Amino acid sequence: MSELTPPPARLLRFSHAVLAIAAIHQLIGSEWMAKPWRFDGASALQITLFEMHEWAGLAAAAALLVLIVSLFWRYPDATFARFLPWLHTAGRKALAGEVAQLARTLRPPSAQQTAVLAATVQGLGLLTLLFLAGTGTAMWLLEDDLELMHQIGSLHEYGALPLKVYLFGHVGMALIHTWRGEGLLRKMFSPSNG
Ligand code: HEM
Ligand code: HEM
């Protein structure tokens, strides 16, 4: 399928890079930052880490919206079918075919052979980020109501594990395909690609 698609446009690559950096920053910083409902007793560094989380989170939310619009631009007739293939029969069949093929062969597949699986995982990553960005932005808007903010924070936390699993798989596969000489990292992160 990707042989027929043009290289990712500059806006797509830029928003993807901003989102990638911001998501990693959010995961690391959130380990040590202070929670707004427990600022008493928190150090200045922990409060600064929260403020960085807040602003990087809003930047990530904006980058996510630009990335999603760019993806609709890149795959105008098939964005949902590509990233959420499990929603329709043909997509589920293609996915099952790739997984069966993977189970049969012992050699690691090329990116082309697992295109549906990769897009499925990317779609799940986008849903995870939408959840984190949505609950995070809601907390930012409700900062005056600490009780409600705390409740939304308890929901927001549920996104952390899926985000870690997603990044592990998505980055891991990107590194493996790059090591195999398929040039995916260059294609996605090069500033002058098209
Ligand atoms: C796409 C954007 C965002 C991502 C990827 C993200 C990611 C995360 C992660 C991974 C955690 C740690 C959860 C845990 O392990 O306990 C967290 C916690 C938190 N985030 Fe975000 N975040 C985002 C946006 C925001 C925004 C805009 C705010 C603004 C207020 C925010 C406020 C918080 C708070 C208060 C917590 C602590 C929640 C708790 O412990 O109950 N986040 N975030
Ligand atoms: C949570 C953050 C991330 C999200 C939501 C995300 C999402 C996506 C999406 C939707 C695509 C498909 C783009 C297209 O078809 O045009 C993609 C491709 C790609 N991403 Fe990410 N990504 C994230 C983080 C990262 C990170 C940290 C890396 C670093 C290695 C990375 C490396 C790549 C590569 C190499 C591709 C090209 C894969 C291909 O063409 O099959 N991504 N990403």
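A residue counts as near a molecule if its C-beta atom, placed from the backbone, lies within 6 Å of it. In this predicted model, 25 residues surround ligand 1 in that sense, and the closest of them are Ser30, Gly57, Gly136, Gly153 and Ala160.

The shell around ligand 1 draws at least two residues from each of several helices, namely H1 (10-29), H2 (44-74), H5 (115-141), H6 (146-156) and H7 (160-179). Helix H5 provides the largest share of this shell, with seven residues.

Around ligand 2 there are 20 residues, of which Ala20, Ala23, Gln122, Ala174 and Met188 come nearest. Two or more residues of the shell around ligand 2 are given by each of H1, H5, H7 and helix H8 (184-189).

The table sets out the composition of the two shells.

| Shell | Nonpolar | Polar | Charged |
|---|---|---|---|
| Ligand 2 | 15 residues | four residues | one residue |

Helix H5 also takes part in a helix crossing. Its axis and that of helix H4 (residues 89-104) come within 8 Å and cross at roughly 115 degrees. Angles of 65 to 115 degrees count as roughly perpendicular, and H4 and H5 are therefore roughly perpendicular to each other. The crossing of H4 and H5 is left-handed. On the H4 side, Ala94, Leu95, Glu98 and Val99 take part in the contact, and they meet Val116, Leu117 and Thr120 of H5.

Conventions: Residues are numbered from 1 along each chain as its sequence is written. Chains are lettered from A and ligands numbered from 1 in the order in which they are written. This is a predicted model: local features need pLDDT of at least 70, side-chain atom pairs count only at pLDDT 80 or more; totals for chains, interfaces and linings use all residues. Helices (H or I, at least four residues) and strands (E, at least two) are DSSP runs, numbered from the N terminus. Ala, Val, Leu, Ile, Met, Phe, Trp, Tyr, Cys and Pro count as nonpolar, Asp, Glu, Lys and Arg as charged, and the others, Gly among them, as polar. Axes are lines fitted to C-alpha atoms, for helices over the stretch in contact, and angles run from 0 to 180 degrees between N-to-C directions. Angles under 35 degrees count as roughly parallel, over 145 as roughly antiparallel, 65 to 115 as roughly perpendicular and the rest as oblique. A crossing is left-handed if the near helix is turned anticlockwise from the far one by less than a right angle, and right-handed if clockwise. Two residues are in contact if their C-beta atoms, placed from the backbone, lie within 7 Å.
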